[in-house]
Amino acid sequence: MFWRKTREAIGRFHPAHQHLTLERTVTGSAGPGEWAAVLASLSQHETTVKRRKWQLPSRTTAVLVPLIHVLSEDTAPDGAIGVTADFRGLKEPGKKGPEQDLPVSGRVRRLTEWFVVDPWLQVRAELRDGSVLEIQVTDRVRHREIHRVNPRGKHKYKTKKKAVQRIDAKRTLARDAAVRRPGTPPPAWVRVRLKDGKRTALNATAKLPRVPEENDQLQAILTVVAELFRWTPPQTSGRTA
């Protein structure tokens, strides 16, 4: 059988690694120790699997792996990191919304619009300071199909698309946690909101005018998340010099 050794190697991967390889999705919640085992398994992929069909999605190594590394450092010893990642892309069934016709004028005979929405990453982490961090990243592409008639009566069809990305981060603080407004505002493209209650919640939202390149994606996520931590004073060890 072709690629028998590769299939056997995939069968020895961590179950989460196997699912990511074969289905391009992964869902799970576990402590930092278990995620360390997943990351160790993923680190063997490039040297073990050569067939293009089973290569890891690029967002695995560019976003998911380093993000889990960062969160594991701040997750409580008995806390969990929950991950739902869908790297199948925008063409998967169920991600395309309904088509609708928009008003037209002049030589435009028909203008049809639809959206493709891909919430490809959701993460939840229980942190050492008692707070809970939630992250969601969604790509949205607007498609427009234009039917136009030029002055010579020739019919022309054109499709345009515009991709944007939304990053939502929420940090639910521990009870009675101190909150302090930062001395400087967030970047212009990030909006931060505070919601008081039994447990104060901080929400940061960014709507990017384009989907970042793979090597810029992680930095965009971390920039949004960092705004949530500027509202709480740094913890001290309580020791005196």
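Tutor: Contact here means heavy atoms within 4.5 Å. Keep in mind that this is a predicted model.

Start with helix H5, residues 58-74. Helix H3, residues 32-42, packs with H5 at an angle of about 150°. Their axes are 10 Å apart. Angles over 145 degrees count as roughly antiparallel, so H3 is roughly antiparallel to H5. The crossing of these two helices is left-handed. Which residues of H3 and H5 meet? From H3 come Pro32, Trp35, Leu39 and Leu42. From H5 come Thr60, Val65, Ile68, His69 and Ser72. Six residues of this contact are nonpolar, three are polar and none is charged.

Now turn to the contact of H5 with helix H6, residues 214-229. H5 and H6 pack at an angle of about 30°, and their axes are 9 Å apart. Angles under 35 degrees count as roughly parallel, so H5 is roughly parallel to H6. The crossing of H5 and H6 is right-handed. H5 brings Ser58, Arg59, Ala62, Val63, Pro66 and Leu67 to this contact. H6 answers with Glu214, Gln217, Leu218, Ile221 and Leu222. The residues of this contact divide into seven nonpolar, two polar and two charged.

Stay with H6. Its buried residues are Gln217, Leu218, Ala220, Ile221, Val224, Val225, Glu227 and Leu228. What do the buried residues of H6 pack against? H5 is one of their partners. The others are strands: S4, S5 (132-149), S6, S7 and S8 (201-208).

Is Asn203 buried or exposed? Asn203 has a relative accessible area of 16%, so it counts as buried.

A search of the whole structure finds one aromatic pair. Phe87 and Trp120 form this pair. Their rings lie 6.1 Å apart, centre to centre, with 45° between the planes, and the pair is tilted. Trp120 belongs to strand S4, residues 108-126, while Phe87 lies in the loop between strand S2 (81-86) and strand S3 (100-101). The pair therefore ties together parts that are 33 residues apart in sequence. Both partners are under the 20% cut-off for buried. Phe87 has 8% relative accessibility, so it is buried. Trp120 has 1% relative accessible area, so it is buried too.

Finish with two loops. Most residues other than glycine have a negative phi. Arg24 is not a glycine, yet it has a positive phi of about 65°. Arg24 is found in the loop between helix H2 (15-23) and strand S1 (25-30). Its 30% relative accessibility makes Arg24 partly exposed. Asp176 is not a glycine either, and it has a positive phi of about 65°. Asp176 lies in the loop between strand S6 (155-172) and strand S7 (190-195). Asp176 counts as exposed, at 81% relative accessibility.

Technical notes
Residues are numbered from 1 along each chain as its sequence is written. This is a predicted model: local features need pLDDT of at least 70, side-chain atom pairs count only at pLDDT 80 or more; totals for chains, interfaces and linings use all residues. Side-chain values use heavy atoms; hydrogens and water are left out. Axes are lines fitted to C-alpha atoms, for helices over the stretch in contact, and angles run from 0 to 180 degrees between N-to-C directions. Helices (H or I, at least four residues) and strands (E, at least two) are DSSP runs, numbered from the N terminus. Angles under 35 degrees count as roughly parallel, over 145 as roughly antiparallel, 65 to 115 as roughly perpendicular and the rest as oblique. A crossing is left-handed if the near helix is turned anticlockwise from the far one by less than a right angle, and right-handed if clockwise. Ala, Val, Leu, Ile, Met, Phe, Trp, Tyr, Cys and Pro count as nonpolar, Asp, Glu, Lys and Arg as charged, and the others, Gly among them, as polar. Rings of Phe, Tyr and Trp (its six-membered ring) pair if their centres lie within 6.5 Å; planes under 30 degrees apart count as stacked, over 60 as edge-to-face and the rest as tilted. Buried means under 20% relative accessible area, exposed over 50%, partly exposed in between (1.4 Å probe, protein chains only).
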